[in-house]
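Subject: Model for you to look at

Hello,

Here is the structure I promised. Please open it alongside these notes.

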Amino acid sequence: MPILFYVLLLFIIIAALIAVETQNLLSSVICIGAAGFGGSLIFLFLKAPDIAITQITVEVLALIILIRATISRDKTFISGDREFFSVIVSVVVVLVLFLIGTRVFDTFPKFGEPAFAVETKTEQTASKHYLTNGLKETGAANIVASVILDYRAYDTLGEATVLFTSILGATVLLRKQAKIKVQT
Amino acid sequence: MLYALCFLLFMIGLYCALVKKNMVRIVLGIVIMEYAVNILLIMIGFRIGGEAPILSPPQGLPLKTSLQSVDPLPQALVLTAIVISLGSLALMVSICIRTYQRYGTFDITQIRRLRG
């Protein structure tokens, strides 16, 4: 079973590498779309159908937004990266961070054995409480829905606030009146 | 090992956001980092042979013993994070579009007249 996750993750990583390194801006956006749909598949196989549906919807919208940003501006090739030396330094720094950071995963629970199931049976964790009492207390058969809409409804309210604030910012940035000629 | 692959994906996004000169590439790097973090969080809650956290409705009894499901809490929080990432992506892309209209380029080394 984990072979599937390896294959999908490698697919996402390859798509991300092509998106980072290709010259054409539009094709790198398309590669991001491929990575996003691969992520949706991996969510589906990780038994998270709600996340998979949301990821597909968000991915389609994000592709539309990104293609709108790049479609007629594709001529703007930017030759090369920054100086060769700084690229080398960045790659080395990122690799060192990666090698140091992988040690963190020793403290994680093993793959396939989530933390709430490993702990002692008597201890009442939040996930266990939601799973055993969620249907009784909220009446929702989908535990994820009962968590985001009942137990953590304020969290969802904050999410809606953040979403509408960012859309407000985008609207303010893109309105017509902002096109005032500034002589520079 | 799967966690390390997720972290590698995160590092690819970080490299893209740090090194590239194109504004849209930087946005794409941030998007890649969001994917990596979401997949890692869902993976932590995964259980081999587990079921999706959806119970069988009317009887009021769980589908199986409740501990055979995957962890529902990271899923709920990642659901929030995905929607927020769409909002922040829209904001970043609108900044990119407006900058392009003003300066005619996405190259961040060419944009030297930022005045706030």
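Across the interface of chain B and chain A, the rule finds 1 salt bridge. This is a predicted model. The count over all chains also comes to 1 salt bridge.

The partners are K20(B) and E21(A), with their closest N and O atoms 3.7 Å apart. E21(A) sits in helix α1 (residues 2–21) of chain A, and K20(B) in the loop between α1 (2–19) and α2 (23–44) of chain B, so the pair joins two chains.

Buried or exposed, what is K20(B)? K20(B) has 4% relative accessibility, under the 20% cut-off, so this residue counts as buried. E21(A) is at 41% and therefore counts as partly exposed.

Now the interface as a whole. Chain B and chain A bury about 8300 Å² between them. Of that area, 77% is on carbon and sulfur atoms. In contact are 81 residues of chain B and 96 residues of chain A.

Helix α8 (residues 153–174) of chain A packs with helix α3 (residues 72–103) of chain B at an angle of about 10°. Their axes are 8 Å apart. Angles under 35 degrees count as roughly parallel, so α8(A) and α3(B) are roughly parallel to each other. On α8(A), the contact residues include V162(A), L163(A), S166(A), I167(A) and L173(A). On α3(B), among them are V83(B), I84(B), G87(B), L91(B) and R98(B). By class, this contact has 13 nonpolar, 6 polar and 3 charged residues.

Best wishes

Technical notes
Residues are numbered from 1 along each chain as its sequence is written. Chains are lettered from A and ligands numbered from 1 in the order in which they are written. This is a predicted model: local features need pLDDT of at least 70, side-chain atom pairs count only at pLDDT 80 or more; totals for chains, interfaces and linings use all residues. Side-chain values use heavy atoms; hydrogens and water are left out. Axes are lines fitted to C-alpha atoms, for helices over the stretch in contact, and angles run from 0 to 180 degrees between N-to-C directions. Helices (H or I, at least four residues) and strands (E, at least two) are DSSP runs, numbered from the N terminus. Angles under 35 degrees count as roughly parallel, over 145 as roughly antiparallel, 65 to 115 as roughly perpendicular and the rest as oblique. Contact means heavy atoms within 4.5 Å. Ala, Val, Leu, Ile, Met, Phe, Trp, Tyr, Cys and Pro count as nonpolar, Asp, Glu, Lys and Arg as charged, and the others, Gly among them, as polar. A salt bridge is a side-chain nitrogen of Lys or Arg within 4 Å of a carboxyl oxygen of Asp or Glu. Buried means under 20% relative accessible area, exposed over 50%, partly exposed in between (1.4 Å probe, protein chains only). Buried area is the accessible area (1.4 Å probe) that two parts lose on being put together, summed over both.
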